[in-house]
Amino acid sequence: MIPDRSNAATSDAEKAGAAQVPAAESTLRILRHLAGRAAPVAASALARDLALPRSTVYHLLATMAEQGFVLHFREERRWGLGTSAFELASGYTRQQPLARLGRPLVAALSDRLGESAHLAVMSGSDVLYIVEERAARRPALVTDVGVRLPAHLTATGRAMLAALPREQIVALYPDASAFPDRTGRGLRRPRELRELLRAVRASGYATEDGEVAEGLRSVGAVVRDHAGWPIAAVAVTWAGGDELTDQMSAEQTVTEQTLAGAVRETAAVLESRLAR
């Protein structure tokens, strides 16, 4: 009688597939880690930060280098992203999944609140607006699709910055020269930014008051990807008065909290749709 080896072959294939999954996960973790750094990283640092065996890291880096996803800077003994990784990012940008998924949600948010709403992503130390919904009979805004603004001045930027690692914040804002201003009310030093971002993390949303345009206020909430990385932010802008105040009035506080709740709900819905 000839033994039936089909089940054994299937079992071996399943085991091989299962064994490849951790390698695929480690590869993606390495790429994400490199993408989140301002400069190339040593292989030993990757192994330490990701809690991976050095031999595994070197093997995966060599394979990714062959395919162009990473580059080895020999003189520096460090690794950075390669052109294939850039091609992936370009493909993502061309397909515009964030804008496609976010546009109806931002439109619904604007209709619900009767205020202008927008969706933005980080681009270096700027925010780039990718969706803009203007409410009727509301003040004109400087934001629009394709417009860039300094992230530290905007509610969307602050919401995303608060979700970044400390090292990334230091790299983006090393000193006072990294803080351009628009209305004379913006942050001026790294210490001020650190304090503000702590407040954003504590409240769960970010605000700005006349720092982008005088007389306008905004509230924003971060949108994270499946790994917790700040991929975008949703915000609403409304007329908040021109006066400079140290304490918001009770009415302003209620308005801000109401809008913040709606913005956070929209960000959460977008997160869930991106995760599908």
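This is a predicted model: local features need pLDDT of at least 70, side-chain atom pairs count only at pLDDT 80 or more; totals for chains, interfaces and linings use all residues.

Entry 1: I started with E132, which is buried at a relative accessible area of 13%. My scale here: buried means under 20% relative accessible area, exposed means over 50%, and partly exposed is in between (1.4 Å probe, protein chains only). E132 makes a salt bridge with R134, and their closest N and O atoms are 3.3 Å apart. I count a salt bridge when a side-chain nitrogen of Lys or Arg is within 4 Å of a carboxyl oxygen of Asp or Glu. R134 is partly exposed, with a relative accessible area of 40%.

**Ground rules.** Residues are numbered from 1 along each chain as its sequence is written, and side-chain values use heavy atoms, with hydrogens and water left out.

Entry 2: How many salt bridges does the rule give? The count comes to eleven. Side chains of opposite charge can pair when their charged atoms come close.

I looked up D209 and R217 next, whose side chains meet in a salt bridge at 2.8 Å, N to O. Buried or exposed, I wondered about R217? R217 counts as buried, at 4% relative accessibility. D209 is buried as well, with a relative accessible area of 19%. The pair belongs to a network: salt bridges that share partners join R185, D209, R217 and E256.

Then I checked E195 and R191, a salt bridge with the closest N and O atoms 3.2 Å apart. Both residues lie in helix α8, four residues apart, which is about one turn of the helix. For helices I take DSSP runs of H or I with at least four residues, and for strands runs of E with at least two, numbered from the N terminus. E195 is partly exposed at 39% relative accessibility, and R191 is partly exposed at 43%.

Entry 3: R166, R194, R198 and R201 form a positive surface patch. Patch rule: residues need over 30% relative accessible area and no salt bridge, with like charges joined within 9 Å and nonpolar side chains (Val, Leu, Ile, Met, Phe, Trp, Tyr) within 5 Å. Helix α8 (residues 190–203) gives the largest share of the patch, three residues. R201 sits in α8 and counts as partly exposed because its relative accessibility is 45%.

**Entry 4: and in the core.** Which residues touch the most other members of the largest nonpolar core? They are V127, L161, I169, Y173, F179, L193 and L197, out of 25 residues in that core. β4 (126–133), α6 (155–161) and α8 each supply at least two residues of this core, and the largest share, four residues, comes from α8. A core here is a set of buried Ala, Val, Leu, Ile, Met, Phe, Trp, Tyr and Cys residues joined through side-chain atoms within 4.5 Å.

**Entry 5: positive phi.** Most residues other than glycine have a negative phi, and most peptide bonds are trans. I found A51 with a positive phi, near 55 degrees. A51 is in the loop between α2 (43–50) and α3 (54–66), and it is exposed, with a relative accessible area of 68%. R77 also has a positive phi, near 55 degrees. R77 is found in the loop between β1 (70–73) and β2 (78–81), and it counts as exposed at 68% relative accessibility.

**Entry 6: C-alpha separations.** E115 is in the loop between α5 (97–113) and β3 (116–123) and counts as buried at 14% relative accessibility.

P139 lies in the loop between β4 and β5 (148–150). P139 is partly exposed at 37% relative accessibility, and its C-alpha is separated from that of G215, 76 residues apart along the chain, by 9.4 Å.

Last one: F86 lies in helix α4 (residues 83–95). F86 counts as exposed because its relative accessibility is 59%. The C-alpha atoms of F86 and G68, 18 residues apart along the chain, are separated by 9.7 Å.

Note on methods: Accessible areas come from the Shrake-Rupley method with a 1.4 Å probe; for residues, only the protein chains shown count as cover. Lys and Arg count as positive and Asp and Glu as negative; His and the chain ends are not counted. The place of a charge is taken as NZ of Lys, CZ of Arg, CG of Asp or CD of Glu.
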